[in-house]
Structure formats: C-alpha cells, structure tokens
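Keep the model open as you read.

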Amino acid sequence: MVMDDPRTEPQTRVGGGWISGLVLANLGLYMAFLTPIQVLLAEQIDAIDPSGKEIALGWATGVGALVAVVANPLAGALSDRTGGRFGRRRPWILGGAAAGAVGLAVTSAQTTIVGVTLGWCLAQLGLNAMLAGSSAVVPDQVPVGQRAAVSGWIGIPQTLGLVVGALLVTTAVTGTAAGYLLLAVLVVPAALPFVLLTRDPRMPREARHARTVRLTDFWVSPRAYPDFGWAWLTRFLVMLGNAIGTLYLLYFLKDAVHHANPDEGVLVLTLLYTAGVVVTAVGGGVVSDRWGRRKALVSVSSVVMAAASLLLTFWHTWPVAMGAALLLGLGFGAYIAVDQALITQVLPSAGDRAKDLGVINIANSAPQVLGPALAAPIVAYAGGYAGLYLTSTVVTVLGGVLVWRIRSVP
C-alpha cells in the first residue's frame with residue numbers, strides 16, 4: 001500500500017489486515033488495562049484489607065491513573081520525535097507492551113497496599129506508552145472518512161478485552177497472582193502482528209522536532225484551539241461519569257444488590273455491556289462516516305449512557321442492573337467510535353498527533369484519579385449508591401450537551 005505523507009491528512013484507506021492487527025494489539029492492551037481494575041485489583045486488595053477495601057482500591061487506581069496522566073502525553077511527545085527505520089509508533093507499541101508486562105508481573109507478587117499501588121503504577125507506565133503509539137496510528141494513516149468506522153473496531157477491544165481477560169483470569173488460572181501473570185504473558189504477543197506486519201510512515205528528517213520535550217509542549221491553549229479544548233472537556237466529563245459509575249461495581253453487587261456471587265455477577269454484566277458495544281460501535285461509526293456528522297451521535301450516545309446510570313439510581317436489583325449494563329454498552333459503543341473520530345479532526349498539528357492525543361487521553365485517565373475521590377465520600381456520606389449513580393448521570397449528560405460547543409466538526 002502507498003503511504004501518505006505523515007505531515008498531511010491521509011487519503012489512502014486502510015485494509016482489513018491493518019485493522020485486524022490494530023484490533024488484536026488493542027485487545028491485549030485493554031485486557032492488561034481493564035481486567036486488573038475491574039477484577040484483580042479489587043480481589044487482591046479485598047484479601048489484603050477487607051475492612052478498608054473501598055478506600056484502598058480508590059488509592060491504588062487513583063495513583064495509577066495519575067501516572068497515566070503523565071506517562072501518556074510524555075510517551076506521545078517522544079513518539080512524535082522518534083526517528084529510525086522502525087518508525088515513530090511501533091517502538092512505543094512494542095516497548096510499552098513489554099514494560100507493561102513487567103509491571104503486571106511485579107504487581108502479582110505484592111502483599112501490601114503500597115506494593116500493589118507501586119506495581120500497578122509501573123504497569124500503567126508501560127501500558128500508556130503502548131497506548132500513545134497505538135492511538136496515533138489512526139490519524140497518521142486513516143482518512144477522515146474512514147475514521148469513525150475504524151475507531152469503532154478499535155473501541156470493541158476496550159470492552160471485549162475486559163470480557164476475555166475476566167474469563168481467562170477466572171477460568172483458565174487460579175488466584176490473582178496467576179491472573180496477573182497470564183495477562184503479562186499475552187500482552188506482547190498481541191502487539192507483534194501489527195508491529196511486524198504493517199508499515200509505519202516516517203516523518204521526513206527536515207520536518208522532525210529539533211529539540212527535546214519541554215513542559216510547555218503539553219499546554220494546548222483553549223483560546224487558540226477552542227474546539228480541541230471543548231473536545232477535551234466533553235471527553236473528560238463523559239469518562240468521569242463512567243468512572244464514578246463503574247469503579248465500585250463489584251462492591252455494588254455485593255453490598256446493595258446482594259448478589260449471591262458478585263464476581264460472577266460482574267462477569268455477566270460485562271458480557272451484556274460488551275454485547276451492547278459490539279452492536280453499536282462499528283455501525284455507529286459507519287453511520288457517522290457516511291452521514292458526515294459527529295456531534296449529534298456523540299450527544300445521543302451520552303444520553304443513553306446517562307439513562308443507564310439513572311436506572312441504577314432508583315433500582316438496586318439484579319434485573320435492572322442487567323438492563324443498565326446493556327444500555328450502557330449500547331451508548332458507549334457509538335460514543336467511543338464517533339467521539340474518537342471527532343477528536344482526530346480537531347488536533348492542532350499533524351507533527352504532534354501522538355502528543356496531542358496524549359493530552360486528550362488525560363481526559364480518559366484523570367477521571368480515574370478524580371472518580372475515586374468523588375465516589376468514596378458519596379457512597380459513605382452522600383446518598384450511598386443512589387447518590388453515586390445520580391452523580392454519574394448528571395456528569396455524563398453535561399458532557400453530551402457541551403459537545404455542541406465544537407464548531408469545526410459538524
């Protein structure tokens with residue numbers, strides 16, 4: 001395939017093999033990202049400190065997310081400056097996968113809350129480097145008219161990774177340590193087909209950054225680039241609503257729904273959620289690409305996700321939880337496909353795509369820091385789980401409304 005100039009918007013459509021390789025790499029990435037957050041960290045911390053598990057889990061995930069806030073844009077900026085035959089993105093995809101695997105292995109051996117937190121921070125460091133590279137290849141190589149569909153395919157592993165990961169760590173191995181090690185073993189092979197079998201366009205030498213990364217590089221002025229600022233804020237709000245609503249899912253099923261087997265319940269809800277994502281992710285992306293409009297679909301999908309949280313505000317029953325999981329998946333599938341395509345259209349500079357997407361990814365990671373800080377006191381002092389899900393509803397709706405402030409994308 002003929003490679004487009006990386007300094008311009010790509011024009012050549014990518015094929016099924018390219019998409020499949022990126023989907024597999026993202027499957028390994030999100031298995032390693034999400035399975036610990038949803039299953040392994042919760043179980044490991046519950047075994048270490050059952051009486052203080054909510055606060056301890058919040059600290060571990062929050063500090064890990066804080067590492068992600070720094071690591072993702074930094075790795076992106078370094079990726080933008082990377083030269084050599086291997087390209088700009090592939091070294092970070094493969095190297096990040098290897099570092100993430102080491103972090104998971106370290107976490108598996110910990111028996112204290114501090115140790116778990118430090119191990120998870122190491123894993124976040126590597127996995128976010130991998131994410132920085134894999135996120136940038138889409139605006140690097142996928143034309144605007146194909147981006148929402150490709151983003152939909154990539155969005156599926158964000159949920160399927162948790163399903164596959166949860167199935168593997170609960171059925172293929174026994175114990176949390178073995179679960180971490182299994183994920184560590186899988187993340188690197190998942191990245192290899194894309195890294196080895198696809199090309200990575202190199203920035204011409206004269207167009208490369210001549211200086212090292214500076215702190216000021218990560219500031220993207222909302223005054224100079226208002227659409228980028230609104231895209232960041234709306235992504236942050238929707239992801240904050242998601243983080244608030246899903247962080248304590250295992251404990252919600254155990255303490256509010258009184259499910260007989262909360263671990264099994266989380267798996268069932270995840271399967272329903274994933275089914276919803278699969279139904280709308282690619283289809284929503286294709287509709288957006290053909291229609292040429294992004295904002296309306298982002299707004300509608302945000303409202304659908306908010307409706308799922310609203311159900312859990314008033315009804316703490318197993319049937320309602322299953323319905324809410326499916327509804328959340330239907331909304332999130334379309335949202336992640338279309339919003340990601342929208343974001344790639346408001347990036348300030350072709351030469352800084354990975355760095356700017358890293359700044360956007362702060363809007364994905366920062367809610368993991370702020371979410372526990374908000375969720376823990378809400379559950380403890382401000383309405384319990386009803387207050388938690390009402391907060392999630394309001395924040396998600398706000399994100400869906402503010403997307404209309406973006407002007408350059410229809």
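**A buried pair and what lies around it**

Once you set aside the neighbours within four places in sequence, D339 is in contact with R235 and V298. Keep in mind that this is a predicted model. D339 sits in helix α11, and with a relative accessible area of 1% it counts as buried, because the cut-off for that label is under 20%. The contact with R235 is a salt bridge, with the closest N and O atoms 2.8 Å apart. It ties together distant parts of the chain: D339 belongs to helix α11 and R235 to helix α7 (residues 226-246), 104 residues apart. R235 is buried too, at a relative accessible area of 1%.

Take R89 and D80, whose side chains meet at 2.9 Å, N to O. R89 is buried at 0% relative accessible area, and D80 is buried at 3%. Another bridge joins D356 to K355, the closest N and O atoms being 2.8 Å apart, and both of these residues are buried. Bridges that share partners also join D80, R88, R89, D140 and R353 into one network.

Now for the nonpolar side of things. The largest nonpolar core has 107 residues, and those with the most contacts inside it are W18, L104, M130, V150, F252 and Y385. Helix α1 (residues 16-48) gives the largest share of this core, 16 residues. If you zoom in on Y385, you'll find it touching Y248, Y251, F252, D255, A256, H316 and V379, leaving out residues up to four places away in sequence.

L310, F314, W315, L390 and V394 make a nonpolar surface patch of about 510 Å². Helices α10 (295-314) and α13 (384-402) are the elements that give two or more residues to the patch. W315 lies in the loop between α10 and α11 (318-344), and its 46% relative accessibility makes it partly exposed.

Last stop: helix α9 and its two ends. In the loop between α8 (249-255) and α9, H258 has a positive phi near 60°, in a residue other than glycine. At 58% relative accessibility, H258 counts as exposed. The 30 residues of α9 (residues 262-291) should span 44 Å at 1.5 Å a residue, and the end C-alpha atoms are 42 Å apart, which agrees. After α9 comes G292, with a positive phi near 80°.

Methods:
Residues numbered from 1 in each chain as written. Predicted model: local features only at pLDDT ≥ 70, side-chain atom pairs only at ≥ 80, totals over all residues. Heavy atoms only, no water. Patch = residues over 30% accessible without salt bridge, like charges linked within 9 Å, V, L, I, M, F, W, Y side chains within 5 Å. Areas by Shrake-Rupley, 256 points an atom, 1.4 Å probe, with all protein chains shown as cover. Salt bridge = Lys/Arg side-chain N within 4 Å of Asp/Glu carboxyl O. Helix = DSSP H or I, 4+ residues; strand = E, 2+ residues; numbered from the N terminus. Buried < 20%, exposed > 50% of the residue type's maximum accessible area, 1.4 Å probe, protein only. Core = buried A, V, L, I, M, F, W, Y, C linked by side-chain atoms within 4.5 Å. Contact = heavy atoms within 4.5 Å. Expected span 1.5 Å × (residues − 1).
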